[in-house]
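Subject: Structure handover

Hello,

Please find the structure below.

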Amino acid sequence: MALQGRRGNSGAEPARVPARKVQTQLQFRKCENSTCGQTLFVKEIEKNLHCCKHCGHHFRVGSRRRVEITLDPGTWRD
Ligand SMILES: [Zn+2]
């Protein structure tokens, strides 16, 4: 009984929970297609050229990444 009371009073536990949530959001992303909604790894999406492997939905891609995907490396400069 005395040990349980000590564990319940530790102040370090609540501080860890928000950090874990942030890291999880960076690793996973939900498909934006309303009929799909599958959860995907962010690295998996990037590997598949920003398309959902379940439904083929195209995620938004920034302009710099779009140029990197479209053109051969080293053939284009700003
Ligand atoms: Zn999808």
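Helices (H or I, at least four residues) and strands (E, at least two) are DSSP runs, numbered from the N terminus.

Two points on how to read the rest. This is a predicted model, where local features need pLDDT of at least 70, side-chain atom pairs count only at pLDDT 80 or more, and totals for chains, interfaces and linings use all residues. Residues are numbered from 1 along each chain as its sequence is written.

Overall picture

The protein has four helices and two strands. Starting at the N terminus, the order of elements is α-α-β-β-α-α.

Burial comes next. A residue is buried if 20 or more other C-beta atoms lie within 10 Å of its own, exposed if 12 or fewer, and partly exposed in between; the C-beta atoms are placed from the backbone. Of the 78 residues in the protein, 3% are buried.

Then contacts. Two residues are in contact if their C-beta atoms, placed from the backbone, lie within 7 Å. Take the contacts between residues at least 6 apart in sequence: 13% of them join residues at least 24 apart.

Confidence

The score here is pLDDT, the predictor's confidence in each residue, from 0 to 100. Its mean over the protein is 80. A value of 70 or more is reached by 68% of the residues. Where is confidence lowest, and where is it highest? Helix α1 (residues 2–8) is lowest, at a mean of 50. Strand β2 (residues 39–41) is highest, at 95. Where pLDDT is low, the predicted coordinates should not be read in detail.

Strand β1

Phe-28 belongs to strand β1 (residues 28–30). Is Phe-28 buried or exposed? Phe-28 is exposed, because 12 other C-beta atoms lie within 10 Å. Leaving out neighbours within four places in sequence, Phe-28 contacts Thr-39, Leu-40, Phe-41 and Val-42. Phe-28 and Thr-39 are eleven residues apart in sequence. In space, their C-alpha atoms are 6.5 Å apart.

Asn-48 has 14 C-beta neighbours inside 10 Å, so it counts as partly exposed. His-58 is ten residues away along the chain, and the two C-alpha atoms are separated by 9.9 Å.

Now the backbone angles. Most residues other than glycine have a negative phi, and most peptide bonds are trans. Leu-49 has a positive phi of about 55°, yet is not a glycine. Leu-49 lies in the loop between α3 and α4. Leu-49 is exposed because 11 other C-beta atoms lie within 10 Å.

His-50 has a positive phi as well, near 60°, and is a residue other than glycine. His-50 is found in the loop between α3 and α4. With 16 other C-beta atoms within 10 Å, His-50 is partly exposed.

Cys-51 lies in the loop between α3 (42–47) and α4 (63–70). Why does Cys-51 count as partly exposed? Because Cys-51 has 16 C-beta neighbours inside 10 Å. Not counting residues up to four places away in sequence, Cys-51 touches Gly-56, His-57 and His-58. Cys-51 and Cys-31 are 20 residues apart in sequence, and their C-alpha atoms are 9.1 Å apart in space.

Val-61 also has its place in the loop between α3 and α4. Val-61 is partly exposed, because it has 16 C-beta neighbours inside 10 Å. Which residues does Val-61 touch, not counting those up to four places away in sequence? They are His-50 and Arg-66. Val-61 and His-50 are eleven residues apart along the chain, with C-alpha atoms separated by 7.1 Å.

Best wishes
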